[in-house]
Amino acid sequence: MGDEQNPFLPIANMGRIMKQILPPSAKVSKEAKETMQECVTEFISFVTSEASDKCRKGSRKTICGDDICWALGAVGLDNYAQAMVRYLHKYRVAALNQQKATTSSFEDKDEESDRSGEPSHQEDETTTPQVVMNIFI
């Protein structure tokens, strides 16, 4: 392969994802992981290509989450499209809430700093970014 980059997701990630659905005693062969790796790469490329075509027709350069949801539906994966629309909505709400909490936390610390003359050094959980990914809930 030389200078070419491996276009696949890491095989260890494939194994972890596959084992999540299996009983704890189940094993996954290297061949199964490699096959899934190829399938996942092809799937991502296929859906991304559809989303890219839509963007190009709309004279846009950036693919967004809504484009991926649309592409899933366009290729006949309506159940996945609906699940991703729900996930994308939850993700955006969580990101907005996190942004509000972080902004509020910084404003509170600025007020404390103004009162005492020194910056506040209190840690609080709102300043730690959190990503919640419950896709199919």
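Let me start at Leu9, which lies in the segment before α1, residues 11-21. Helices here are DSSP runs of H or I with at least four residues, strands are runs of E with at least two, and both are numbered from the N terminus. The model is predicted: local features need pLDDT of at least 70, side-chain atom pairs count only at pLDDT 80 or more, and totals for chains, interfaces and linings use all residues. Residues are numbered from 1 along each chain as its sequence is written, and side-chain values use heavy atoms, with hydrogens and water left out.

Back to Leu9. Leu9 counts as partly exposed because its relative accessibility is 36%. The classes are buried for under 20% relative accessible area, exposed for over 50%, and partly exposed in between, with a 1.4 Å probe and protein chains only. What does Leu9 touch, once residues up to four places away in sequence are set aside? The list is Met14, Gln37, Val40, Thr41 and Ile44, where contact means heavy atoms within 4.5 Å.

The areas come from the Shrake-Rupley method with a 1.4 Å probe, and for residues only the protein chains shown count as cover.

Now the chain as a whole. The protein chain has 4 helices and 0 strands, in the order α-α-α-α from the N terminus. Of its 137 residues, 18% are buried. The chain exposes about 10,700 Å², and carbon and sulfur atoms supply 55% of that area. Among contacts with a separation of 6 or more, 40% are between residues 24 or more positions apart.

Next, the charged pairs. How many salt bridges does a search of the whole structure find? The search returns 5, a salt bridge being a side-chain nitrogen of Lys or Arg within 4 Å of a carboxyl oxygen of Asp or Glu.

Two of the pairs sit in helix α2. Lys30 and Glu34 form a salt bridge at 3.8 Å, N to O. Both are in α2, residues 30-57, and they are 4 residues apart, about one turn of the helix. Lys30 is exposed at 58% relative accessibility, while Glu34 is partly exposed at 32%. Arg56 and Asp53 form another, at 3.1 Å, N to O. These two also lie in α2, 3 residues apart, again about one turn. Arg56 is exposed, with a relative accessible area of 56%, and Asp53 is partly exposed, with 28%. As background, an α-helix has 3.6 residues a turn, so residues three or four places apart point the same way.

The next pair involves helix α3. Asp67 is in α3, residues 65-74. Is Asp67 buried or exposed? Asp67 is buried, because its relative accessible area is 2%. Asp67 forms a salt bridge with Arg60, with the closest N and O atoms 2.6 Å apart. Salt bridges with shared partners join Lys54, Arg60 and Asp67 into one network. Arg60 counts as partly exposed, at 36% relative accessibility.

The side chains of Asp67 and Arg60 also make a polar contact, at 2.6 Å. That term means a pair of N or O atoms within 3.5 Å; within protein, one must be able to donate a hydrogen and the other to accept it, and residues adjacent in sequence count only if both atoms are side-chain atoms. Leaving out residues up to four places away in sequence, Asp67 touches Ala51, Lys54, Cys55, Arg60 and Thr62. Just after α3, Gly76 has a positive phi of about 90 degrees.

Last, the cysteines. The disulfide count is 0, under a rule that asks for a pair of cysteine sulfur atoms within 2.5 Å. Cys64 is partly exposed at 31% relative accessibility, and Cys39 is partly exposed at 45%.
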